[in-house]
Amino acid sequence: MAAAHDYDDGAGHSQPADAYDPTFVPDSAKSFVVHLYRHIREKNVYEIHQMYEASFQTLSDRLFKDTPWPSVDAVAPFVDNDHVFCLLYREMWFRHLYARLSPSLKQRIDSWDNYCSLFQVVLHGVVNMQLPNQWLWDMVDEFVYQFQSFCQYRAKMKNKHVQEIELLQQYDQAWNVYGVLNFLQALVEKSMIIQILEQEKEGLEQFTATDGYDYNGGSNVLKVLGYFSMVGLLRVHCLLGDYQTGLKCLLPIDISQQGVYTSVIGSHITTIYHYGFANLMLRRYVEAIREFNKILSYIYKTKQYHQKSPQYEQILKKNEQMYALLAVSLSLCPQEKLVDETVNTQLREKYGEKMLRMQRYDDEAFTLFDELFSYACPKFITPSAPSYVEPFVNYNQDAYRLQLKLFLYEVKQQQLLSGVRTFLKVYSTISLGKLATYMEVDEPTLRTILMTYKHKTHAVDSEGKINSNADIDFYIDDDMIHVVESKPAKRYGDYFLRQIVKLEGVMNEMDRIKLD
């Protein structure tokens with residue numbers, strides 16, 4: 001492969017935005033397109049990956065910092081007017097446009113049309129290619145992102161021009177929620193990925209072992225797109241506020257194991273972020289805490305390897321959001337034993353003081369729950385088309401406000417429970433009358449509060465089983481409350497291993513120092 005710096009057009013300057021000529025193809029861009037086309041035809045995944053990850057970014061920074069890439073019509077002659085390659089090029093072209101500039105409504109619609117054409121070819125054509133997992137993940141990720149972006153854009157009806165409103169009415173099928181869900185579902189079904197993952201459990205398939213690639217000369221495109229579409233479906237359903245269905249879509253992927261979703265850092269983080277958030281909203285706090293802890297620990301150990309990645313900023317942003325969600329989960333369901341020491345240290349630095357205040361359940365605590373939820377939640381969408389009757393209003397915040405309201409209602413319901421939990425932590429047995437006196441309520445009200453505590457600390461998992469989220473449980477026998485506290489197992493091994501590594505580091509430093 002020619003390295004990224006080999007694609008220089010001599011001048012090395014990007015065109016000013018107002019001088020953009022879609023038909024002008026700098027020599028380096030032409031060379032890039034020709035090489036990429038050749039590597040795709042040769043199924044050279046390694047070279048495609050290098051060009052896609054490194055060269056495309058380098059050229060974008062150097063030549064197309066604030067302009068689009070040359071139009072597909074301008075580059076088509078250099079790639080034998082290959083239909084499928086042109087669709088792939090346009091997919092990258094629109095992604096670059098969304099990342100660097102602000103797309104017009106017509107461009108949003110054109111991007112939708114391009115995805116329709118590309119997915120139709122994958123679903124109904126003969127695609128004889130191997131593409132890097134990173135690119136296939138980015139396709140699904142960008143498809144869902146552009147859908148979300150379109151819904152947000154369309155919901156801001158104030159200050160829309162007459163032409164924009166006419167276009168929206170004319171192209172009412174563009175980024176339609178059913179169209180988006182149907183494409184993702186069709187990719188899952190046509191790829192037979194659910195069956196492939198089932199067969200893999202029986203040792204009849206090698207999908208995960210080969211990271212989804214086909215080493216027998218076949219194509220990985222449909223299978224891997226189908227696989228990542230399950231994550232895409234989870235994300236879309238989370239944006240719509242349907243957490244149960246979202247988690248159902250992800251069931252074929254065993255997230256307790258390494259899988260193809262962990263082979264791309266962006267996919268790994270997106271999967272766990274939405275999985276954890278959906279569990280949080282369904283009151284499955286233990287599951288949310290467990291998965292947030294695992295991914296935050298993983299990011300902590302590996303983020304230095306991704307510093308040059310185009311996704312690095314996104315990794316850091318999601319990392320911060322997941323710490324906020326972990327703080328919320330632990331405030332609603334104290335389960336310190338599920339959190340590693342490194343994650344706990346980071347969490348205390350970022351949110352230690354706020355978490356103490358959140359457990360008081362006063363007005364200030366509600367403000368903090370509101371603040372952290374608003375910062376860390378997905379950008380919820382209203383998928384239905386707007387009313388085209390004046391006066392036009394912005395409704396892009398409606399879905400978010402509804403989810404926030406539901407979340408804070410849940411927090412409010414937990415308010416009394418924190419008082420119960422405080423007393424239960426102190427006693428191993430206590431009479432109902434005594435606890436009622438302490439809590440300044442009558443006995444029937446206390447029984448109701450205790451039943452509520454039982455209800456709120458139990459959640460139904462994906463298999464329909466009822467599990468406890470509580471670190472303190474109890475039962476009542478003849479007006480006596482008997483408290484059962486789960487004792488965390490002390491883990492000394494991790495601590496000693498970390499100290500050994502630190503000691504080795506100190507000894508290595510001392511060895512390097514030369515004494516006079």
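## Close-up views of a predicted model

**View 1. Lys318 lies over the face of Tyr273.** The distance from Lys318 to the centre of the Tyr273 ring is 4.3 Å. As in the other views, the coordinates belong to a predicted model.

**View 2. Lys160 has its charged end over the ring of Tyr153.** That charged end is 3.9 Å from the centre of the Tyr153 ring.

**View 3. Phe56 and Trp69 form a stacked aromatic pair.** A pair of aromatic rings is described by the distance of the centres and the angle of the planes. A search of the whole structure gives 29 aromatic pairs. In the pair of Phe56 and Trp69, the ring centres are 4.8 Å apart and the planes meet at 20 degrees, so the pair counts as stacked, the cut-off being under 30 degrees. Phe56 belongs to helix H2 (residues 45-63), while Trp69 is in the loop between H2 and helix H3 (72-75), so the pair ties together parts that are 13 residues apart in sequence. Phe56 and Trp69 are both buried.

**View 4. Phe64 and Trp69 form a tilted aromatic pair.** The centres of these two rings, Phe64 and Trp69, are 4.6 Å apart, with 35 degrees between the planes. Phe64 has a relative accessibility of 0% and therefore counts as buried. Trp69 counts as buried because its relative accessibility is 1%.

**View 5. Six aromatic residues form one cluster.** The members of this cluster are Trp112, Tyr115, Phe119, Phe143, Trp175 and Phe183.

View 6. With a relative accessibility of 54%, Leu497 counts as exposed, because the cut-off is over 50%.

**View 7. Cys151 has no cysteine sulfur close enough for a bond.** A disulfide is a covalent bond between the sulfur atoms of two cysteines. The count of disulfides in this model is 0. For Cys151, the closest cysteine sulfur is that of Cys116, at 14 Å, which is too far for a bond because a disulfide needs sulfur atoms within 2.5 Å. Cys151 has a relative accessible area of 2% and is therefore buried.

**View 8. Cys333 is in no disulfide.** The nearest cysteine sulfur to that of Cys333 belongs to Cys238 and is 19 Å away. Cys333 is buried, with a relative accessible area of 4%.

Notes:
Residues are numbered from 1 along each chain as its sequence is written. This is a predicted model: local features need pLDDT of at least 70, side-chain atom pairs count only at pLDDT 80 or more; totals for chains, interfaces and linings use all residues. Side-chain values use heavy atoms; hydrogens and water are left out. Rings of Phe, Tyr and Trp (its six-membered ring) pair if their centres lie within 6.5 Å; planes under 30 degrees apart count as stacked, over 60 as edge-to-face and the rest as tilted. Helices (H or I, at least four residues) and strands (E, at least two) are DSSP runs, numbered from the N terminus. Buried means under 20% relative accessible area, exposed over 50%, partly exposed in between (1.4 Å probe, protein chains only). A charge sits over a ring if NZ of Lys or CZ of Arg is within 6 Å of the ring centre and within 35 degrees of the ring normal.
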